[in-house]
Amino acid sequence: MRHITLKASTYRDSVALMRISKKASGLEGVSYVMVAMATDTNLDLLKEAGFEPAEFAGAKANDLLIALELETDSVLDEAVDLIEKEIEGGPAPSGAEAYEAAMGLDATLKSHQDINLVLISLPGRYAAYEARKALEAGKHVMIFSDNVTVEDEKQLKLFAGERGLLVMGPDCGTAIINGIGLGFANEVPRGDIGMVAASGTGAQEVSSILARCHEMGISQMIGTGGRDVSREVGGVMVKMGLRALIDDAATRAIVVVSKHPDREIADEIIEVARRGKKPCIIHFTGQADIRSEANLTFTRTLAGTAFEAARGAGKQVEGFTGFDEDAMAALLAAARKMPPGRKYVRGLFSGGTLAQEAVFLLSDGIKDIHTNLKIGDFPGLDDPGESVGHTIVDLGDDTFTRGRAHPMIDQAYRLVRLQRELDDPETAVILLDVVLGHGCHEAPGVEIAEALMTALSGGEEPGKAREPGDRPLVIASICGTRGDPQNYANERRALEAAGVYVAEHNEGLCELALAALEGRRDG
Amino acid sequence: MDSEMDSGMDKLKDLFSSGLVVANLGSDVFSDAIRTQDGTSFQVKWEIPCRGDEKLFSALELLRSREIDTSIEQANSRAVDILNESHPYIVGVGKAIDDIPGMADNLILHAGPPVTWDAMCGPMKGAVMGALIYEGFARSEKEAAELAASGRICFEPCHHHGTVGPMAGVVSPSMPVWIIENKTHGRKAYCTLNEGLGKVLRYGAFSEEVIARLKWMEATLAPLLREAIEIGGEIDLRTLIAQALQMGDEGHNRNRAGTSLLIRELAPAVVRSGASDADKAEVLSFMHSNDHFFLNLTMPAGKSCLDAIAGIEGCTVLTAMARNGTEFGIRVSMLPDRWFTAPAPRVDGLYLGGFTEEDANPDIGDSTICGTYGIGGFAMAAAPAIVEFVGGSPADALRFTLNMYEISAGESSSFRIPALGFRGTPTGIDVVKVVEKGIVPAVNTGIAHKDPGIGQVGAGLVEPPMSVFEDAFEAVYEHFKTRMKEEP
């Protein structure tokens, strides 16, 4: 039976609602749950799930929708009870707590004059609206949300720029201000390397490697959102952040990380960095043809960026490898045992920049990588849900996150996809990034390890178990630090126990993958 | 360019050199993460603007564009300043026909927006008929109804005559009225004297005892009060209301403290008056027996102040919310000649023994002037004794008031709430914020029986119709759009 309840004018954050949906879907006899705001997108999803429009007639975007499909009617009350309790949350606050809980943005800014940054994760159009209000009130802004129009972004950033205020985002996944991580951020010590990042996981990767491999810390990490470096937006915030770090006495060396900026904007950024005199390490993913000069170092990889940044800040660092020699040896041995039909790489990435770096680095050794990332001349995927030949897929892309949380929070789809790649007799190597940090999944590596153990032991369908050795190799890299809330050591141990080859970083992961493919060919 | 850069560096330097303090709008996961890192984050309550209505939101975006927003902000803060400077006093007791501007022998004033005899609800008709009998224009219900329908009697809103009236709010020519003056701005406002509870004219009752009481009020109560004020001097209402709020009143549904304070002010002068001891005793007992005697003073006090902010260009603050039992209406400062109306809503309430929702008339009365003035529902947190209206606990009352800060242009400098650290009450309802936030003003009120002649059957909470605020909001939007075209 199907069941729909509408709660008029009740707004809850989508992440909270997805958490509730997930909880309710765990009940016996519940086959489908959607607890969401009744936006057009969500109503479309509901239609796709087989609900009739008549069932949710009159639903408005600010209504909260509970949709259930049940195998047995008897669980209805239990499910609805559970969901409603979760929606209501804890007991109503009283006294001072009630005071805080009832305040909107205007009131909050008014009663806490020391607020200096407003962090926004709201549906796109409203994110821009609230950001404007925050800027009017003289506050710096970070917009985690995507789906903000480029016109709005441009306007916000020009307005902010004139007033010396930061607009980090839209679509800014991470930042670290005064040692406090915002959004998805890793626990890294304070130090003297400043970062300006137009890419979320790129920034996480560099800062994590700095902390974990080089014991270096971050003074400030200013996120800008990927579109800042487009011609329309003009790199306003990258340039402003760069100037701020050049000016900042606590910053010795500066890192700029960005996905393929517009050429003209790249030149402008370089010019600001050049005039700054401080050592500046610049990484434009996939753009390796710029020559280093005086205080400017251009890097090809994220790991290389971290390495150069550590050196730039005065640390004596030697070259380091992105993988353990024993792991490499074991990997090559296993690769040689694989049947010749296994020939393709399948990368299931949660981090966009990590996926992009993988495409570029792997393309050194393999041709025709299919990807849903819209970059260079790489062939696309007609259906990003289906791998074709060598495939690197960014699971954080809009097509996958419609009505669903980002894979860095919720891996449900990634695990389905993982099973599919494991079942594919042509899969040679599966690549996974495991991103840790505040705001991320509480134990992504452990969850993957458990899924692999189940799958490789034959799972619920013993018929699928293959000959020993006839299975794809799984290589992962962990983007995170030992201080992250997830427990880095535990994540790593779980993955290794499940037979995963764990690289030190994304570049190491690519080196292992190329070696495995080559080793297999040699064998 | 370089000077801009310098100012830019200042703001960022401030950020880097002070502690990071975040306001988080959206997923509370991020707030939690910041707190885990020993950072400070305030989770902000957020609702979809304009309740998700795309058209209204587009209009809002224009109203919030820098220039218009600034001009609204300036006009509204001027309105709040005027309200805060306003100082209402009781200056006397007069007679409607002598004192109310524009009053006429054949004119009956009523609560709420304009309404015709035909469209009037039961209690309003009852009150009109009672007034006609009281004036001696009719001798029976039938005669009164015929006269009212004949066209020889005119009906106009109290609000058009500097007057306000609770419930039916009916004012006829010979009724005694309080005269209130906002001394700061020289604005006068008027209101009848409160008749007490039970069967009373304002609830549409017009039996003999009702008429007899009105006659006594005219013959005995009013002259004595008039004399008492002449002897004792004008009474500072702003101070009385401020004190009452700190004694558990909110000035609309609880007036026990205000009434007591008024008696303290009046009693010595009443004793010194030339009236008989019996009359003095009766007058003091009458006030004492009626906890709402003070309501007919908080209301005109509000009116005398709000009239001072009518007609400010670009000001989106309400000057009135009023109901006639048929329609709920509001007026906005910058559009002073217009009413925005919708059918009066039902009251969600508690009923006196034997009555149910079936008996209730839709929302009625000018007493919503209280909330408009920053007391009443807006000061709910000051009145823990009547929290049953809003959910039962003092925390509910607190939330009720806190919510009103969201839609208010400012805070009162006189009326302060102990439970909120003596913060001023939310003052000056901004229609743009009402629509933006989807929060309607909080109204608590009495409930009249739907049939004339019966009286009060309960009290409760009313949710004003959002459409009146949306209509006013759109008119505000049209006004600014036109203004933009005229002065490019």
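Chain A is divided into three parts: domain 1 (2-88), domain 2 (172-312) and domain 3 (325-522). Those bounds come from an automatic or database domain assignment. A word on the model. It is predicted, so local features need pLDDT of at least 70, side-chain atom pairs count only at pLDDT 80 or more, and totals for chains, interfaces and linings use all residues. Residues are numbered from 1 along each chain as its sequence is written, and chains are lettered from A and ligands numbered from 1 in the order in which they are written.

Now domains 2 and 3 of chain A. Their centres, taken over C-alpha atoms, are 27 Å apart. In contact here are 25 residues of domain 2 and 27 residues of domain 3. Contact means C-beta atoms, placed from the backbone, within 7 Å.

Which element gives the most to the domain 2 side? It is α8(A), with 10 residues. β8 (180-183), α8 (200-214) and α11 (302-312) of chain A each supply at least two residues. These are DSSP runs, numbered from the N terminus: helices are H or I, at least four residues, and strands E, at least two. By class, that side has 8 nonpolar, 13 polar and 4 charged residues. Nonpolar means Ala, Val, Leu, Ile, Met, Phe, Trp, Tyr, Cys and Pro; charged means Asp, Glu, Lys and Arg; the others, Gly among them, are polar.

On to chain B. Helix α8 (residues 208-232) and helix α11 (residues 277-288) pack at about 90 degrees, axes 10 Å apart. Axes are lines fitted to C-alpha atoms, for helices over the stretch in contact, and angles run from 0 to 180 degrees between N-to-C directions. α8(B) and α11(B) are therefore roughly perpendicular, meaning 65 to 115 degrees. α8(B) brings B:Thr220, B:Leu221 and B:Leu224 to the contact.

Methods:
Contact = placed C-beta atoms within 7 Å. Parallel < 35°, antiparallel > 145°, perpendicular 65-115°, else oblique.
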